[in-house]
Amino acid sequence: MSQTYADIIIDISHSAIDRVFQYRIGDAWKEQVQVGSLVTVPFGKGNAHRHGYVIGITQTPSYEPDKIKEIVDVPQKGLPIEGKLIQLAAWMRETYGTTMNQALQTVMPVKQTVRKTAQKVEETTLPDTNWEFVTLNDEQQALVDAFAEDIQAGERHTYLLHGVTGSGKTEVYIQCIKEVIREGGQAIVLIPEISLTYQTLARFRKHFGTRVAFVNSKQSKGEKYEQFRKAKEGKVDVVIGPRSALFTPFPNLKLLVMDEEHDPAFKSDQAPRYHARDVAIKRAELEEASVILGSATPSIESYARAEAGQYRLWELKERPDGVQAQKIEVVDLREELRRGNRSIISRSLYEKIQERIERKEQMMLFINRRGFNSFVSCRACGEAIKCPRCDVALTYHQQTIQAQRQLVCHYCGYTTAMPKQCPSCKSNMIAGFGTGTEKVEEEIKKLFPAIKTLRMDRDTTMRKDAGARILKQFAEGKADMLIGTQMIVKGHDYSNVTLVGVILADLSLYANDYRAGERTFDLLTQAAGRAGRGEKEGAVVIQTYQPEHYAIAAAASQDYKAFYEMEMAYRRMLRYPPVYDMLQILLTGESKGKVESYAGILCRDLKEKTKTLQYTQTRIIGPGEAAIGKINDEYRYVIYIKAPGLGAITTLRDYIDTCGCEGVTISVDMNPMTVC
């Protein structure tokens with residue numbers, strides 16, 4: 001009988017994860033030891049007994065078998081909290097093609113000392129919104145009752161809550177959380193944006209008091225660890241936050257809620273490139289917990305799974321009593337131009353803004369591009385000013401944190417002063433083109449001199465808690481209008497906002513991405529949902545050059561099902577997720593020739609391996625230069641693998657792990673949210 005060995009970490013902390021020790025698994029423990037098990041081992045020269053956690057099991061010894069010590073005891077039959085997180089890390093390693101070390105660093109909380117002033121930020125940035133306790137309508141109550149029945153019966157499911165904007169999804173979350181707390185359980189609430197943390201926290205504290213904690217990426221490691229410590233010690237029942245909150249070490253986790261589940265922010269852009277939705281479902285499986293995925297615009301993947309019976313579909317089709325559906329108007333900007341209006345504000349939007357100012361109601365203007373101008377070019381020679389490190393045009397900003405009138409690269413952060421002459425031909429005919437949030441704000445102030453505006457984009461929210469302070473000011477009525485990028489359209493709830501204007505609805509349609517239509521529909525529907533959330537009637541103006549596009553037309557009519565059917569037909573035709581799974585392989589390096597050459601070699605090898613393994617339905621696409629061929633002085637080439645299911649893709653991805661070329665970095669992304 002072959003000998004089995006366990007890879008063990010003695011201490012749970014990021015600094016200890018790199019230090020893995022191997023121990024022999026004796027016959028007495030072979031049935032009990034698994035990944036995540038808490039074990040007792042002899043450690044050091046004195047063989048003092050120490051606790052450790054198993055992170056891997058193998059039949060291959062790392063060094064001389066005679067020198068490998070044996071596990072002394074397995075003191076706990078069930079997996080402890082840390083053990084379940086280690087099991088989750090192991091699943092992430094296999095699913096996303098990362099290393100165990102990277103996966104562990106993602107799921108394990110960091111041991112750090114919290115600063116004594118940490119909680120001051122939390123209190124000063126909470127909005128003063130007076131959330132009222134509401135009575136659930138019949139639709140909402142039916143869902144909560146169904147959830148309670150499942151809990152009582154010991155059933156655990158994944159529910160997809162599809163509710164129109166303003167239909168009261170959050171109230172359903174809250175009541176379902178109350179059900180699991182009554183049973184002694186805890187809950188995690190995932191939200192896509194840090195900016196939503198404080199508003200959501202204020203709302204949940206009305207129901208759960210101080211038994212609510214929050215985490216986000218702008219907290220220090222000590223602050224985040226302190227929140228996780230509270231959860232582990234049972235001092236809180238609910239933790240709210242973006243992706244990283246998913247790994248809260250609750251001792252009795254029974255519900256994971258994922259609000260705005262369609263949002264691309266739930267996909268990590270660093271290894272391991274996990275999607276929080278799928279990791280949440282896996283963690284729920286390990287914890288015997290339930291999952292609620294909520295959205296007014298469910299992701300195509302989630303809705304397809306609900307149709308296939310993998311998720312239970314919940315629907316909220318009505319808004320609460322007294323809340324009317326928004327009146328949505330689509331403005332054809334081509335017609336505006338024909339009538340002589342060259343402003344970025346259509347005549348209809350202008351009139352509605354004027355009305356809101358007179359009625360002292362609030363407004364939001366959405367444009368999915370920050371900065372003042374999209375690019376700067378010379379009218380004499382036609383050259384655009386590009387980033388020296390990236391293959392992109394620089395964006396003109398009237399004002400940044402560092403200085404005024406700067407050109408900024410949104411990919412590597414390079415900045416330079418706005419030139420007075422063209423760097424290529426020395427002409428003075430140099431100017432900015434296109435529109436961003438800064439330019440919209442300037443135009444609004446020219447048209448309405450007395451208006452008070454706030455701007456919310458990545459530039460204005462760089463500093464810690466800056467976004468929360470902007471939203472707090474807006475919630476307190478200190479501004480008439482909030483102008484911003486997509487971060488202002490996600491889940492915010494202000495009863496005095498009665499007008500939402502979408503400046504250029506087409507921007508996201510032009511993206512080099514198969515999800516462009518879905519992203520456009522999501523953004524427009526979510527933006528429209530910010531208007532008329534109280535008793536006052538809401539209006540939405542969508543400005544576009546393509547009013548006939550199915551994503552824009554469906555968003556204007558608030559018809560998710562019509563959009564879903566069109567989008568799925570497109571995905572089936574071109575074999576995109578969720579019809580096929582797709583692996584994106586990105587090769588980067590400082591030498592363009594070397595990256596291009598090795599991309600060709602790897603692509604040929606993958607095609608040959610596909611033939612050998614008889615993966616007849618698997619498609620290898622590429623290699624090709626990425627849409628942005630260079631970022632931060634590194635050249636980029638991409639290969640795609642499409643297959644009906646993960647079997648072939650996983651095998652080919654494992655093969656890629658054995659490949660390599662000096663000077664070329666290979667990274668993989670399963671079902672990417674954004675293609676390169």
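Is Lys478 buried or exposed in this structure? With a relative accessible area of 52%, Lys478 is exposed, where exposed means over 50%, buried under 20% and partly exposed in between, using a 1.4 Å probe and protein chains only.

Residues are numbered from 1 along each chain as its sequence is written, and side-chain values use heavy atoms, with hydrogens and water left out.

On confidence, pLDDT is the predictor's confidence in each residue, from 0 to 100, and the protein averages 90, with 94% of the residues scoring at least 70. Over residues 116-124, however, the pLDDT is below 50, and this stretch has nine contacts in the model beyond near neighbours in sequence, a contact being heavy atoms within 4.5 Å. Where pLDDT is low, the predicted coordinates should not be read in detail.

Let me return to Lys478, which forms a salt bridge with Glu476, the closest N and O atoms lying 3.2 Å apart; by salt bridge I mean a side-chain nitrogen of Lys or Arg within 4 Å of a carboxyl oxygen of Asp or Glu. Glu476 is partly exposed, at 28% relative accessible area. Elsewhere, salt bridges that share partners join Glu301, Arg515, Glu518, Glu567 and Arg571 into one network, and a search of the whole structure finds 44 salt bridges.

Another pair is Arg305 with Asp278, whose side chains meet at 3.0 Å, N to O. Arg305 lies in helix 10 (residues 300-307) and Asp278 in helix 9 (residues 276-287), so this pair ties together parts that are 27 residues apart in sequence. Helices here are DSSP runs of H or I with at least four residues, and strands are E runs of at least two, numbered from the N terminus.

Turning to helix 8 (residues 221-232), its twelve residues should span 16 Å at 1.5 Å a residue, and its end C-alpha atoms are 16 Å apart, which agrees; the expected span is 1.5 Å times one less than the number of residues. Among the buried residues of helix 8 are Gly222, Glu226 and Phe228, and just after this helix Gly234 takes a positive phi of about 75°.

Finally, His162 is found in strand 5 (residues 158-163) and is buried, at 11% relative accessible area. Not counting residues up to four places away in sequence, His162 touches several residues, including Ser295, Trp314 and Tyr560.

Conventions
This is a predicted model: local features need pLDDT of at least 70, side-chain atom pairs count only at pLDDT 80 or more; totals for chains, interfaces and linings use all residues.
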